[in-house]
Amino acid sequence: MSGLFFSLILFAKENSQPIPVKSKEPVAEKSFAVKSYQKIKLASPHDVFDVGVADINGDDILDIYTTGHYTRENLLLGDGKGNYTDALTRLGLDQARAFPYLEDMDADPALKEPGLYIHRRRRLLIFRAHELGEAGTVSGRILVPSPTGEPSPIQIYWAEHASADITNLASEAGETWTKVQFSIAPQGTLVLDTLYIALPFEVTLDSSLPLNKVKVGQHALHPKEHHFVLSWRDRHGVAWAELNGDGWLDAFMSTGGLRAALDRFQQPHIASDELLLSDGGGRYRDVAIERGIQKKNCRTYRPAWVDINGDNRLELYVGCLGGPNQFYSQDSTGRFKEVARKYGLATRPGAQFVWFDVDQDGDMDLLADLNGDGSHQDPNFGLYTDSNSWLAVFINDKVTFKRQLISRPFTGSVMQFALGDFDSDGDQDVYVVTARKKYRHESFLLVNNRGKLEPRDMEQWGLPRGCLSASWVDVDLDGKLDFHCLPVGIFYQTENGRFQRAREWTGWKLAQRARNGVSSWFDADNDGAWDVLMTLGIFPAEGYFKILQEWRRQQAEEQGQTLQEWRLARKDVAWPLRPMWRWYRTRLYQGQPPANHWLQLELVGPAGNRNAIGARVELSTDEGVQVREVGVSEGAHFSQGHYRLYFGLGKSPQAKQATIYWPDGKVTTHSNLKANQLLKISSP
């Protein structure tokens, strides 16, 4: 490694600035004891939208999933021993099912054989001919839907021994298309900058090129014909729930809105969300359109399953960036109908929300980010903003929703609502994580006072500000909720209800440089010890790309080569890559077996709501009463699927009693529950 490149790394480290903690509390003596940690390899570390855990295959082991726009996601099935197997392709969850590994993976496929290699990297569409001497020049056509009344959404980013003619077409029905007629020499490269990625790209190649010379995606798969379709999806959040009774979780995948241009495309179903039903462990099938899911102009971000009327038939609520949000009711046949306006739930424009029982009356209420005055309708509205903002609580009164506005202490988009009854008064309080322009993060606290959410000063309890991700979690299992702030660390709750920062373990040191991040606390191996999954978005230091380019030039000069020759010799791309503005890193920290006793519950509801979404548990122990709702363990910011409930019992060898309030109104009582077990309880 040259001195220049090594200095670049030092430069990045020296310029990292920790996020300040505004807390005057003394440091707590106890700390989270880490048994081990492992790096979780991400398929596409340059773009991660959300990360979470869910028991996807129903084996009582929590699995890990990611979403990431057009990049390849992860679906990591755990074995309970710290090992994870990526099952995304095996289960048919690739974005392009005909071409697994077509997603943007920020890498070039290995050029092992002569052929025309087609893939996407850093949002650029690349056609690269490799040693096609006998096949000669490759010619073909790309046809892509385009929005009406706009210039061509496709531009030539780089062309070496290649040419392309780009024209716009229009049909009699008013549909507009962009056509790219291209020609690539045997060693040529054509790179296209496509403004809209989540579209079907129809590719037609000259029939003189053998199909075994056409290599699509990272795995260099051959198409079956010379005419084929390449497709990507702009995936955001995922809501997991068992819908069809086969024991596996099904999924609603939310997708973006083509840069707020959906209404300018005339082609039907040009973009759609995904409703993916499992067939029992073999494959998933998308049934969104046939089941009545209509995307319309929704730039979908967060989805969530909810049962608002206790009929054990899940509804679906979808947050749309720029609004209005969507709400789907489900009939007895499994078909959905959009009814948000009927219930007064078509809020706009914030995409973040959470469902829970605010007023403890047995039904689900909605807390939503309005991110404006409630009438904002700018389709280009973004996640990071400094606009005036409100929150709104929609109280469910016999399926009639009454809105209550909550003023916020400062502006910004809500990134996470973290739920937990930290003051042990029987209702869920909310720690709100927000993001503003230039990735400035602020936080505030909503204390639930008998069904009314009230903003309170966090310094009253010694809680930190500026979290990227937050979790209420009983780290020491003493029966009182503690608090984890990424990247600051753990804050233990003391006897007087205040919080003290942990003495040692604050988490991943790299977190101090993170601009965004997600953390999920769960039990990966069912040993009762807390484990925490952290994903960090790390931005490069100032001047990184300039220094890196200079290092590459220096290496080329030392070899007596031009920069292009040096890249080709390394089998690197011979064209200038777009800068990669962030890297994502993920670690799983596994905790030591706890000194205190513990109890974990998994509730099994009736058919239609097998995950018991909306159930509430009151657990009585020697230390008092703890209240949890199914869903409060969720750590993902824009997804849903962590339904397990966690209780710390302190020194008690058993819990005296668990009272379960099921979503359909039934109540069951369970006495003398032995500690240190994962217990499944089914509805009557």
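Mentor: A disulfide is a pair of cysteine sulfur atoms within 2.5 Å. Keep that cut-off in mind. The model here is predicted.

Trainee: What makes cysteine 298 and cysteine 320 a disulfide?
Mentor: Their sulfur atoms are 1.9 Å apart. The limit is 2.5 Å, so the pair qualifies.

Trainee: Why is the disulfide of cysteine 298 and cysteine 320 called left-handed?
Mentor: Look at the torsion about the S-S bond. It is about -95 degrees, so this disulfide is left-handed.

Trainee: Which parts does the pair tie together?
Mentor: Cysteine 298 sits in the loop between strand 17 and strand 18, and cysteine 320 in strand 19, so parts 22 residues apart in sequence are tied together.

Trainee: How do you know whether cysteine 298 is buried or exposed?
Mentor: Buried means under 20% relative accessible area. Cysteine 298 has 3%, so it counts as buried. Cysteine 320 has 0%, so it counts as buried too.

Trainee: What makes cysteine 467 and cysteine 485 a disulfide?
Mentor: Use the cut-off again. The sulfur atoms are 2.1 Å apart, within 2.5 Å, so this is a disulfide. The torsion of cysteine 467 and cysteine 485 is about -120 degrees, so this disulfide is left-handed. Cysteine 467 lies in the loop between strand 29 and strand 30, and cysteine 485 in strand 31, so the pair links parts 18 residues apart in sequence. Both cysteine 467 and cysteine 485 are buried.

Trainee: How many disulfides does the rule give?
Mentor: Two. Counting bonded cysteines along the chain, the pattern is 1-2, 3-4.

Trainee: Now charges. What makes arginine 97 and glutamate 274 a salt bridge?
Mentor: Their side chains meet at 3.3 Å, N to O. The limit is 4 Å between a Lys or Arg side-chain nitrogen and an Asp or Glu carboxyl oxygen, so the pair counts. Arginine 97 lies in the loop between strand 5 and strand 6, and glutamate 274 in strand 16, so the pair ties together parts 177 residues apart in sequence.

Trainee: What makes glutamate 495 and lysine 480 a salt bridge?
Mentor: The closest N and O atoms are 3.6 Å apart. That is within 4 Å, so the pair passes.

Trainee: Why does glutamate 495 count as exposed?
Mentor: Exposed means over 50%. Glutamate 495 has 75%, so it counts as exposed. Lysine 480 has 18%, under the 20% cut-off, so it counts as buried.

Trainee: How many salt bridges does the structure hold?
Mentor: The count is 28. Lysine 295 and aspartate 273 form one of them, with the closest N and O atoms 3.0 Å apart.

Trainee: What about histidine 119? How do you know that its side chain makes a polar contact?
Mentor: The partner is the side chain of aspartate 108, at 2.9 Å. The distance limit is 3.5 Å, so the pair falls inside. Histidine 119 is found in strand 6. Its relative accessible area is 3%, so histidine 119 is buried.

Technical notes
Residues are numbered from 1 along each chain as its sequence is written. This is a predicted model: local features need pLDDT of at least 70, side-chain atom pairs count only at pLDDT 80 or more; totals for chains, interfaces and linings use all residues. Side-chain values use heavy atoms; hydrogens and water are left out. Helices (H or I, at least four residues) and strands (E, at least two) are DSSP runs, numbered from the N terminus. Buried means under 20% relative accessible area, exposed over 50%, partly exposed in between (1.4 Å probe, protein chains only). A polar contact is a pair of N or O atoms within 3.5 Å; within protein, one must be able to donate a hydrogen and the other to accept it, and residues adjacent in sequence count only if both atoms are side-chain atoms.
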